[in-house]
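Work through the following exercises with the sequence and the model at hand. Each task is followed by a solution in steps.

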Amino acid sequence: MLAEYLPVLLFIAISLVIGTSLVVIGGLLGPRRPDSEKLSPYECGFEAFEDTRMKFDVRYYLVAILFILFDLEIAFFIPWAVALEEIGMLGFGAMLFFVALLVVGFVVEWRKGALEWE
């Protein structure tokens, strides 16, 4: 059984070695010339005029979380589309139910004003 997973484990090991070595080599051979501009905090091209620990509006996080939520749910369409012939009408009905839930959730969030940005 281990022989079946050997190519995957080998691929992971080789990619870890290559990735780690590239990061280490870049850190060792890369230029190090820090100046005041590089070491200053960057905020939209100008100096910060308030405390950096100021509170963000909750709507920013809400829109970001909703985007991630709906984006990840859309990823379920790919395996469904690939296996549509094998799953038949039962799978098609289940996906229609899933899509209906997505639409209902989207409409609820839209009516609550969660997608509004002032």
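**Exercise 1.** Locate E109 and describe its charge partners and contacts.

Solution. Step 1: E109 is placed in helix α5, where helices are DSSP runs of H or I with at least four residues, strands are runs of E with at least two, and both are numbered from the N terminus. The model is predicted: local features need pLDDT of at least 70, side-chain atom pairs count only at pLDDT 80 or more, and totals for chains, interfaces and linings use all residues. Residues are numbered from 1 along each chain as its sequence is written, and side-chain values use heavy atoms, with hydrogens and water left out.

Step 2: E109 is buried, that is, under 20% relative accessible area, with exposed meaning over 50% and partly exposed in between (1.4 Å probe, protein chains only).

Step 3: E109 has no salt bridge (a side-chain nitrogen of Lys or Arg within 4 Å of a carboxyl oxygen of Asp or Glu). The nearest side chain of opposite charge is K112, 4.9 Å away; Lys and Arg count as positive, Asp and Glu as negative, and His and the chain ends are not counted.

Step 4: Not counting residues up to four places away in sequence, E109 touches L66, A114 and L115 (contact means heavy atoms within 4.5 Å).

**Exercise 2.** Carry out the analysis for E73.

Solution. Step 1: E73 belongs to helix α3, residues 58-74. Step 2: E73 is buried and lacks a salt bridge; the nearest oppositely charged side chain, K112, lies 14 Å away. Step 3: With residues up to four places away in sequence set aside, E73 touches F98 and L102.

**Exercise 3.** Is I87 buried or exposed, or in between?

Solution. Step 1: Helix α5, which spans residues 84-112, contains I87. Step 2: The relative accessible area of I87 is 36%, so I87 is partly exposed. Step 3: Beyond its neighbours within four places in sequence, I87 contacts W80 and F92.

**Exercise 4.** Describe the span and the bend of helix α1.

Solution. Step 1: Helix α1 covers residues 2-29, 28 residues in total. Step 2: From first C-alpha to last, α1 reaches 39 Å, close to the 40 Å expected (1.5 Å times one less than the number of residues). Step 3: A kink of about 30 degrees is centred on V8 in α1; the bend is the angle between axes fitted to the seven residues ending there and the seven starting there.

**Exercise 5.** Summarise the whole protein.

Solution. Step 1: The protein has five helices and zero strands. Step 2: Of its 118 residues, 7% count as buried.
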